[in-house]
Amino acid sequence: MHIADILAAQRPSFSFEFFPPKTSEAAGKLFETIAQLEPYNPAFVSVTYGAGGSTREMTHDLVVRLKTTTSLDPIPHLTCVCHQEAEVHEILERYARAGVGNILALGGDPPRDLQNYRKADDAFQHAADLVRFIRQFSEQRGVHPDARGFGIGVAGFPEGHPATPNRLKEMDFLKAKVDAGADYIVTQLFFDNHDFFDFRDRCGLSGIKVPIIAGIMPITSSAGLSRMADLAAGSRFPARLLKALARAGSDPESVRRVGLHYATEQCADLLDHEVDGLHFYTLNQSSATREIYASLGLRTAEAV
Ligand SMILES: Cc1cc2nc3c(=O)[nH]c(=O)nc-3n(C[C@H](O)[C@H](O)[C@H](O)COP(=O)(O)OP(=O)(O)OC[C@H]3O[C@@H](n4cnc5c(N)ncnc54)[C@H](O)[C@@H]3O)c2cc1C
């Protein structure tokens with residue numbers, strides 16, 4: 001379903017992110033997670049694209065499997081890295097044929113294992129170029145089952161993207177993605193809602209009117225915290241959160257409870273302040289998301 005229809009049907013929206021499993025055992029676990037989360041009737045689920053397109057086939061296969069064997073509406077991520085126009089065209093054709101309604105268009109993380117990767121060789125230098133290409137693809141008559149073509153999402157960074165320290169320029173670049181045809185924004189994880197509210201206000205001041213969905217990553221372990229600090233480079237960890245984690249010490253269950261409590265408070269505050277949607281980075285596990293739902297009073301799909 002086109003994202004405009006999805007968000008018209010469920011506001012605020014609740015959605016989940018998965019990554020493509022690399023082994024059959026991991027795939028089995030993921031589909032257990034999916035079976036546990038499906039009853040919550042998420043507005044959509046998104047599937048990541050490995051750095052440098054490394055999960056190209058796996059992302060496609062998971063998206064098609066979700067589309068054909070579950071009630072979920074999958075949105076594939078697609079990145080600029082290591083791609084030429086013809087490849088992206090083919091990827092879009094396959095998704096259109098499978099009836100996939102939306103794409104999350106991203107700049108993409110550089111491949112870690114390709115020593116001779118040169119960004120200049122990519123056909124699309126920034127996500128805005130990819131958005132424009134998807135929009136042009138969609139304008140070809142009959143290419144997509146929905147006359148509007150693909151709905152398009154883009155990434156937003158409430159705390160700023162590390163590659164663009166100039167926050168005014170960064171907002172211009174985000175606006176360029178929306179002007180190129182993006183229908184919604186999903187944010188990077190953040191731990192201080194003030195950053196999100198300020199980002200949302202700055203988007204408004206820049207004339208960005210599309211829905212902004214907040215990305216939520218609950219901390220469930222000390223190792224997860226370190227991984228997050230590494231992956232979401234530049235993320236701020238507020239003292240209030242770190243103090244609570246320090247009180248939990250090295251007891252894994254206490255760390256988990258603190259992390260989930262913090263994420264629940266964040267979600268409740270976002271909902272109270274009319275967030276357009278909450279997008280949970282699930283890491284292919286269901287329990288954290290289910291516990292947050294329960295603490296928010298959202299025990300059933302009807303409550304959502
Ligand atoms: C919700 C979400 C999902 C993600 N999923 C994935 C995934 O599946 N796979 C993956 O590899 N990565 C993923 N990422 C990471 C993302 O690809 C990287 O953080 C990337 O560095 C930024 O992506 P972007 O789409 O914002 O890129 P862009 O919009 O291209 O921006 C990248 C940088 O370039 C700057 N910039 C933009 N336009 C211009 C311009 N015209 N001139 C100069 N500078 C410019 C921006 O300010 C920014 O600093 C995800 C991030 C988010 C928030």
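In the predicted model examined here, 23 residues surround the ligand, and the closest are Thr48, His77, Gly107, Ala163 and Thr164. By class, this shell is made up of ten nonpolar, ten polar and three charged residues. Four elements each supply at least two residues of the shell: strand S3 (74–79), helix H5 (127–139), strand S5 (151–156) and helix H6 (167–179). The largest share, three residues, is contributed by H6.

Helix H5 also takes part in a helix pair. Two packed helices are described by the angle between their axes and the distance between the axes. The axes of helix H4 (residues 85–97) and H5 come within 11 Å and cross at roughly 55°. H4 and H5 are therefore oblique to each other, and their crossing is right-handed. On the side of H4, the contact is made by Glu85, Val88, His89 and Leu92, and on the side of H5 by Phe133, Ile134 and Phe137. Sorted by class, the residues of this contact are five nonpolar, one polar and one charged.

Val88 is located in helix H4 and has 22 C-beta neighbours inside 10 Å; because the threshold for burial is 20 or more, Val88 counts as buried. When residues up to four places away in sequence are not counted, Val88 touches His83 and Phe133.

A contrasting case is provided by Ser222, which is found in helix H8 (residues 222–231). Ser222 and Ala180 are likewise 42 residues apart in sequence, but their C-alpha atoms are 40 Å apart in space. Ser222 has 17 C-beta neighbours inside 10 Å and therefore counts as partly exposed.

Helix H10 is involved in two further helix contacts, with H9 and with H11. H9 and H10 pack at an angle of about 155°, with their axes 8 Å apart. Since angles over 145 degrees count as roughly antiparallel, H9 is roughly antiparallel to H10. H9 passes H10 in a right-handed crossing. In this contact, Leu241, Ala244, Leu245 and Ala248 of H9 meet Ser254, Val255, Val258 and Tyr262 of H10. The contact of H9 with H10 contains seven nonpolar residues, one polar residue and no charged residues. H9 is followed by Gly249, whose phi is positive, near 60°.

The second contact of H10 is made with H11. The axes of helix H10 (residues 252–272) and helix H11 (residues 287–295) come within 9 Å and cross at roughly 55°. This angle makes H10 oblique to H11, and H10 passes H11 in a right-handed crossing. Leu260, Ala263, Thr264 and Cys267 are the residues of H10 that meet Ala288, Glu291, Ile292 and Ser295 of H11. The residues of this contact divide into five nonpolar, two polar and one charged.

Particular backbone features were also identified in loops. The peptide bond from Arg11 to Pro12 is cis, with omega near 0°. Pro12 lies in the loop between helix H1 (3–9) and strand S1 (13–18). Asn41 has a positive phi of about 55° although it is not a glycine. This residue, Asn41, is situated in the loop between helix H2 (24–37) and strand S2 (44–47). With 14 other C-beta atoms within 10 Å, Asn41 is partly exposed. Leu283, which is not a glycine, also has a positive phi of about 55°. Leu283 is placed in the loop between strand S8 (277–281) and H11. Leu283 is partly exposed, with 16 other C-beta atoms within 10 Å.

Terms used. Residues are numbered from 1 along each chain as its sequence is written. This is a predicted model: local features need pLDDT of at least 70, side-chain atom pairs count only at pLDDT 80 or more; totals for chains, interfaces and linings use all residues. A residue is near a molecule or strand if its C-beta atom, placed from the backbone, lies within 6 Å of it. Ala, Val, Leu, Ile, Met, Phe, Trp, Tyr, Cys and Pro count as nonpolar, Asp, Glu, Lys and Arg as charged, and the others, Gly among them, as polar. Axes are lines fitted to C-alpha atoms, for helices over the stretch in contact, and angles run from 0 to 180 degrees between N-to-C directions. Angles under 35 degrees count as roughly parallel, over 145 as roughly antiparallel, 65 to 115 as roughly perpendicular and the rest as oblique. A crossing is left-handed if the near helix is turned anticlockwise from the far one by less than a right angle, and right-handed if clockwise. Two residues are in contact if their C-beta atoms, placed from the backbone, lie within 7 Å. A residue is buried if 20 or more other C-beta atoms lie within 10 Å of its own, exposed if 12 or fewer, and partly exposed in between; C-beta atoms are placed from the backbone.
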